[in-house]
Amino acid sequence: MKGQMELIEILVLIVGVLILFTISNYFVVSRYSSSSEQLIYEQEYEKTLDVVKNFFYAKIPVFEKTYAQIFGDAIVNDMEIVDYGNKYGGINSTEIVYNYFSSYFQKNWYLKIPSKNKFFGFNSQEGKKVITFILRFPLPSYNSEVIDIEFAKW
Amino acid sequence: MNLRNGKAQSSLLVLALLVGIFIVGWITSLFLTASFSERIIQKTALSKISKYLDYIKGFTRYALLLSTHASTKEIASQGGQFSYSGIPRSWICNLDISPNLETVKFFLSNQTQKYLNEYLANLRIKDLPLISISNFTCVDFNINEISNKYDEKFNVSSYNSMININLRDNNVTSSNNLNIEIEQNRFWFMYRKFKEWSPGAAQKLVSGLCSCLSEICNCPTSPTYPGECESCKNTCPEFQTCLENLLESVNKDLNNTFNDKFINCRWNLIGCYHELVPCSGSICQDWEDAPKCSACGFEAAGPLCSELIKPKVYSIKSYQLANSNCEDLKCTYYAETKGSFEASFSCTDYKYLLSTLGDRHLIFSVHTMIKMRKRNCEQEFNCEIKNGNCVCPIDYNCTPCS
């Protein structure tokens, strides 16, 4: 009789431990899962930020101008082919923007300038998680104009 | 029975011990996992801050480039200075008064700094964490001498700006000092060449005007056009043509000084003014009180001298001669011709185009003003006898029959 009681106690202990383990595991897994999701998102966001900030640094060979400079000149003067004088001639700004972002994100990106009603890139696919980054971008001007550029990737 | 109880108790103890060890191990791993995740998130946050910093520095770098392009365009169009009037600086006012390197650097730096700080003030990032960027207190063009090494590229530095980023309790402060190379901008090349041209041009313009003053002899003594400084095509066309030829020649010298197939210079005669004062004058010298076309400004163009020199009234005199033959005597006429003009010289660089709004050519313009007076129009007449008196045949003779 006493032995049976002991066995029941052991059983209760084991069941209790299992319940405790299951509950804790649920919290740990959910927390770990959300952390992982957040980490993945952060890494993707960082990558996007990296590509966007490189726009200010990377230069086009021969022309020796950054992508940002060519893009800015095209936007402010509303021209696709930006002329850089008799020595270098013109450069297709739309082409360089597409080449630059497609080399990182294939066809999974777009760049929108709401204030200038301009759109570059591709339409986003439904169901894909879109990472959007609002980039502040200085334009050539005499009143130091800075515009919002919406960049998205998925 | 006791043995069985003892065995059961020890099994229970071993089991409890195992469960205890398992729980302790499991809790430890739980904490380690959580701490690992926290560390990763922390690391990610720091990495993100570093990328934000790079982004802001990239923004600032590009803003500095745009500010430099805007200021070089603006300062070049005003001959190396900045004024709200927009009138180019005078480089020649009878003498070469071209700005020195320090003066041009001062205006250029101030203007670049102004634009750059405005760009930073407009950098309000909604999506990004708390960022504060202090203003630049200095922008410096690293040009130590007037030299051809700055013709095609030069360096510009900006100082004393700090970036502060706050993200998830991580606070990072970083210096925003920059030093960038500006390429394909020939501002200093144009300044250097104008500086080279200026002394010779001043001499040529002065001597040229002295020669042109003789053309005023047949023009009205005091033209009455209402403007401040305008064309004298109607009042004295010969004088105007002479000045145009002079400017063409000086402009040719300017083009030769550049000797660059991508640079094209042109002149513009803003206006000219002339007066004629009978029986006055001497060698060609500065017309100190020229009332029009005598603006010479370092910043905003100063007011023109509005005082008109009133022509002197010369009385008609007749001379009675007693003991000489009147036909052998001579009388003379001469006059002081006074002239002034203002002109601008502008050179456009077609080699490169700037990153600016509107016209993207770099155009360097300077203002010049020359004002001189000289005795001219000398004529000699044979005296005549009228009403028994020996008189000069002209009304405005300067010397009597003698």
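Predicted model: local features only at pLDDT ≥ 70, side-chain atom pairs only at ≥ 80, totals over all residues.
Where in chain B is the place of B:Asn387?

**Entry 1: two residues with a positive phi**

I found B:Asn387 in the loop that runs between strand S13 (384–386) and strand S14 (389–391) of chain B. Its phi is near 55°, a positive value in a residue other than glycine. Next I asked myself: is B:Asn387 buried or exposed? B:Asn387 has 6 C-beta neighbours inside 10 Å, so it counts as exposed.

I then turned to B:Cys279, which is not a glycine and yet has a positive phi of about 55°. This cysteine also has its place in a loop, the one between strand S9 (263–278) and strand S10 (285–286) of chain B. B:Cys279 has 17 other C-beta atoms within 10 Å, so I noted it as partly exposed.

**Entry 2: a hairpin in chain B**

Which strands form a hairpin with B:Arg168 in the turn? They are S6(B) and S7(B), with two residues between them. In that turn, B:Arg168 has a positive phi of about 45°. I looked up the pairing as well: strand S6 (residues 162–167) and S7(B) run antiparallel and are joined by six bridges. One pair I picked out to look at was B:Asn164, which stands opposite B:Thr173 in S7(B).

How many residues of strand S7 (residues 170–175) of chain B are buried? The count is zero among its six residues, so the strand is hardly covered.

**Entry 3: the two domains of chain B**

Chain B is divided into domain 1 (43–85 + 99–186) and domain 2 (188–306 + 339–373). I noted that each domain is written as two stretches of sequence. The centres of these two domains, taken over C-alpha atoms, are separated by 37 Å.

Where they meet, 23 residues of domain 1 of chain B are in contact with 22 residues of domain 2 of chain B. On the domain 1 side, H1(B) gives the largest share, eight residues. That side divides into 10 nonpolar, 10 polar and three charged residues.

**Entry 4: the nonpolar cores**

Which residues touch the most other members of the largest nonpolar core? I listed B:Ala63, B:Leu116, B:Met190, B:Leu205, B:Phe239, B:Leu243 and B:Cys272, out of 103 residues in that core. Helix H1 (residues 2–77) of chain B supplies the largest share of the core, 13 residues. Both domains take part: domain 1 and domain 2 of chain B each give at least three residues to this core.

Apart from this core I found another, of six residues, which include B:Cys331, B:Cys390, B:Val391 and B:Cys392.

Leaving aside neighbours within four places in sequence, B:Leu205 is in contact with B:Ile92, B:Leu246, B:Val250, B:Thr368 and B:Ile370.

I also looked at B:Lys204, which lies in helix H3 (residues 187–212) of chain B. B:Lys204 has 16 C-beta neighbours inside 10 Å, so it counts as partly exposed. Between the C-alpha atoms of B:Lys204 and B:Ile125 there are 57 Å, for 79 residues along the chain.

**Entry 5: chain A on its own**

Then I moved to chain A. Chain A has three helices and eight strands, and along the sequence they follow the pattern α-β-β-α-β-β-α-β-β-β-β.

What radius of gyration does chain A have? I read 27 Å, whereas a compact globule of 154 residues would have one near 15 Å. The box filled by its C-alpha atoms, taken along the principal axes, is roughly 105 × 30 × 30 Å. Of the 154 residues, 23% count as buried. I also noted that, among contacts in chain A between residues at least 6 apart in sequence, 42% join residues at least 24 apart.

**Entry 6: where chain A touches chain B**

How many residues of chain A are in contact with chain B? I noted 40 residues of chain A, facing 41 residues of chain B. Helix H1 (2–57), helix H2 (67–77) and strand S7 (131–138) of chain A each supply at least two residues of the chain A side. The largest share, 19 residues, comes from H1(A). By type, the chain A side divides into 19 nonpolar, 11 polar and 10 charged residues.

Terms used: Residues numbered from 1 in each chain as written. Chains lettered and ligands numbered in written order. Contact = placed C-beta atoms within 7 Å. Helix = DSSP H or I, 4+ residues; strand = E, 2+ residues; numbered from the N terminus. Nonpolar A, V, L, I, M, F, W, Y, C, P; charged D, E, K, R; others polar. Rg over C-alpha atoms; globule rule 2.2 N^0.38 Å. Buried ≥ 20, exposed ≤ 12 C-beta atoms within 10 Å, placed from the backbone. Core = buried A, V, L, I, M, F, W, Y, C linked by C-beta atoms within 7 Å. Domains from an automatic or database assignment. Pairing = 2+ DSSP bridges.
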